[in-house]
Amino acid sequence: MDRLPSGMKNLSLKGFGPFKVQLACRLDYNTSLLLATLWDYPRSFIGSLNTTNADVGLMMVDKMAERGEIVSDDISMLTDALRQCQLGGIASEVESIFKKNMSRTEQEKQEKQEPPCDRVNPSDQDTGAVEPAKATDSEDNQRPSIDKSKETTGRGITGAVKPSKATDSKDKQRPSIDKLKETAGKGTTEAVAPINLNRVTIEATDSKAKQQSIIDQLKKAADKGTPIGELILDTSFGTIDESGSITLHSGIILPLFSTLTVLNVWTEEGRVMTETELTGFLQYGSKSTQLNVLGFQSCDLPSLSSSTEVLKEIQKKGVEVLWVDTAHCLDTSSGSWEMDNIDMVREYCGVGIAIRKHWRKETQELQIKMLQFASENEIPVRMLKLNECYCSVTPDGTKITLQSGQTLPALPTVRIINIVTEDGRTIPADEFARLLEFANQSRLIEDLSFQGCELPPTLPASSISPEMESKNFKVYWMSAGHCFDLTLRTWKIADLNTIRESCGAGVVIYKQCSSHMHKLQVHYLTVASQNNIPVRVLRLDESYCSVTPDGTKITLQSGQTLPALSTVKIISIITEEGRTIPADEFARLLGFANQSRLIEHLSFHRCELPPTLPASSISPEMKSRNFKVSWLSAGHCFDLNLRTWKIADLETIRMSCGFGVLIYKQCSSQMHKLQTHFLTVASQNNVPIPFISLRESFRAVDDTTGSIILESGVMLPRLSSLDDLSINAESRELTEEEVNELVKYSSQCSKLCFYFCFLPWSVPTDRFPAHLRSGKFQVLWDPEDKEEYTLDLASGRWVNHATKMALTEKEYQDMLVRFRLEYK
């Protein structure tokens, strides 16, 4: 028999008790640390775990039971998390132990002839759990599971939560939807275990074959009249029309399941749903005979008009529509969102609240009302995350103003506050002090953390009150891997768990940040490397200056020196626009990356790289490791064996296009050829190209092919997946004919923009393709970087975008004089 940890020998040997005993025996320090980090446990608890504590398993079991991550009839949260930590063997063993113990308990219940439980027990199903997909990055907290059958929580959310990883808000939060489409579309013959009909998840990262297998099993169950508990669309939902036809990102149509009880839609973080989409889901719900809960998480939802016909149908069927992010439910008589019961508020506050910048003002208002309700009812808020929505804090530190203008008062029951700012923002000392005071007004505060910004090196003594010093809550600067000592009023290196969390999210070193911040970042990256902590991604955002001759150190623009790191996985170098990196420097940067034993990918953006390298530049070791080297600006990868560029894979091309493509005049014809090549491949594979900006590189449109001729002489063909074309033709006066030809070239786009050039006073539009004149196509012109004009496609006249007034001939002539004085 397994040795029992100390303190566990008096536990009952029946049912859930012996299961917890045997579970504790299998949770060693490393496994417990992984789970605690994945589930974002308080740092105080993580710090209490250590390799010499024999009770570490017991501590984890108690904590999981307290948080509802294991309950007497469901341990799927734990097994999902173990598999996400790549511990599938332990997960299978734990499932086996759980089934053995709990099936014995069920047998004893039957022998005692106890009344049957209303709820379906997963262990009673002659099925296994759906094989969990690989962990995906998520920028926010864990998500509760909606389950109507949990009567103890009223209508709403169970104590079960889906773990997620904390990530940098800018770098690779969750896989992009395009990435998910590609992953889901890859057919495979993998075997899919029989599903647990009590709770079924279709993940965006599942293969198309796996998704289809799950759907087929659900269809078969529904056709037999077998009840289906909860179906979760975990970021796999793609589109829905007004009639309620759901299509997954993989292209699979989700049929209607007549016996489905709960449909829970988890969207990609921050998705904004339209009225049409919400109406479509209500239509889906109204057609299902047994659906009683329809839930949404991680998305922004609109209100509906009370006259919307499907609301009456939903009201008649008694389907509850829950918006978990705000703890509100849809009032089917008015179409507006109303606060749900206190149990739902308590449950969601126990998971954490994220207020996002791009969500509607009305949505932020609902979230603030929920937080105030929680405070008034003494409900603890585990985490409050302000995701790029923070604007300012009042002089007395009692209120925060959001970017939308909404006001967030200090909350007395919040435990963790996480402020993620826009990239590179500087928070001065007085503002930092007021934010400390804002956090201090919570009697439960444990952590205040900052990400994406620069903070001051110290604070005046008067900024820290005696009360704040006595509370001594943790203040983390995640971007710099340091903690603020409230007594000494200075920064010190963070504990290894915080460094591990910061490195796991990714590290960005910005050009505009101070030498002080760069110094702190270099310090904690060095500590991470020394302690074998993996750095998921290191991004040098215009902060790279040079690399030493031996390739062992990089000098930043601030003058700080970054040594080669042995544990970095991805290095991304974004230079200032149009920089040229010569062959010898490129070779040294390859050597810098090669010194990491974990290196997977080195990428470059906005710069020009050499066409090849001498054979002596690539060591045999580098060839054998063959890590990926991407030139994102050109959509190509460097072959370390052949020492030349080849077209990138579709994933990299999609990433390159996602940035938008800048084509500079000063770049070589070799780079122009690579860019036009990868753009052509992208278009042929229907990869969306958000925009192309021709930076003084436009020469003319070819009369024969309709292609754009670049200044280098390279041809840019028409691209069917291009959305927006920008022409920056500084100092040029374009003719009516040139404008017409560019409009024809852009006939598949939604927008054509002209900057810093001069166009005719009017442009006859009768030569434009007919579909452009009747559609949403726009032609914009900003000649002086002052005012923008839109071409009226009916009259051919320019209209001031702000005033909506047509440009007069006198205004045009005055503007022409100024233009010629500046450029001629």
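Helices (H or I, at least four residues) and strands (E, at least two) are taken here as DSSP runs, numbered from the N terminus. By that reading, helix α19 is followed by glycine 660, whose phi is positive, near 85°. The model is a predicted one, so to speak of local features a pLDDT of at least 70 is needed, side-chain atom pairs count only at pLDDT 80 or more, and totals for chains, interfaces and linings use all residues. Residues are numbered from 1 along each chain as its sequence is written, and side-chain values use heavy atoms, with hydrogens and water left out.

Staying with α19, the helix covers residues 650–658, and Thr652, Ile653, Arg654, Ser656 and Cys657 in it are buried; buried means under 20% relative accessible area, exposed over 50%, and partly exposed in between (1.4 Å probe, protein chains only). At the N-terminal end of α19 sits a cap, aspartate 649, with a side-chain oxygen 3.2 Å from the backbone nitrogen of glutamate 651. That counts as a polar contact (a pair of N or O atoms within 3.5 Å; within protein, one must be able to donate a hydrogen and the other to accept it, and residues adjacent in sequence count only if both atoms are side-chain atoms).

Next come the helix pairs. Two packed helices are described by the angle between their axes and the distance between the axes. The axes are lines fitted to C-alpha atoms, for helices over the stretch in contact, and angles run from 0 to 180 degrees between N-to-C directions. For α19 and helix α20 (residues 669–684), the axes come within 10 Å and cross at roughly 105°. That makes α19 roughly perpendicular to α20, given that angles under 35 degrees count as roughly parallel, over 145 as roughly antiparallel, 65 to 115 as roughly perpendicular and the rest as oblique. Ile653, Ser656 and Cys657 of α19 meet Phe678, Val681 and Ala682 of α20, where contact means heavy atoms within 4.5 Å. Sorted by class, this contact has 5 nonpolar, 1 polar and no charged residues; Ala, Val, Leu, Ile, Met, Phe, Trp, Tyr, Cys and Pro count as nonpolar, Asp, Glu, Lys and Arg as charged, and the others, Gly among them, as polar.

Helix α2 (residues 29–38) packs against helix α5 (residues 76–84) at an angle of about 105°, with the axes 10 Å apart. α2 and α5 are therefore roughly perpendicular to each other. Thr31, Leu35 and Leu38 of α2 touch Leu78, Ala81, Leu82 and Gln84 of α5, and these residues divide into 5 nonpolar, 2 polar and no charged.

Now for the sheets, where two strands pair if DSSP finds at least two bridges between them.

Another parallel pair joins β23 (residues 507–510) to β24 over 4 bridges. In β24 (residues 535–541), 7 of the 7 residues are buried, so this strand is largely enclosed by the rest of the structure.
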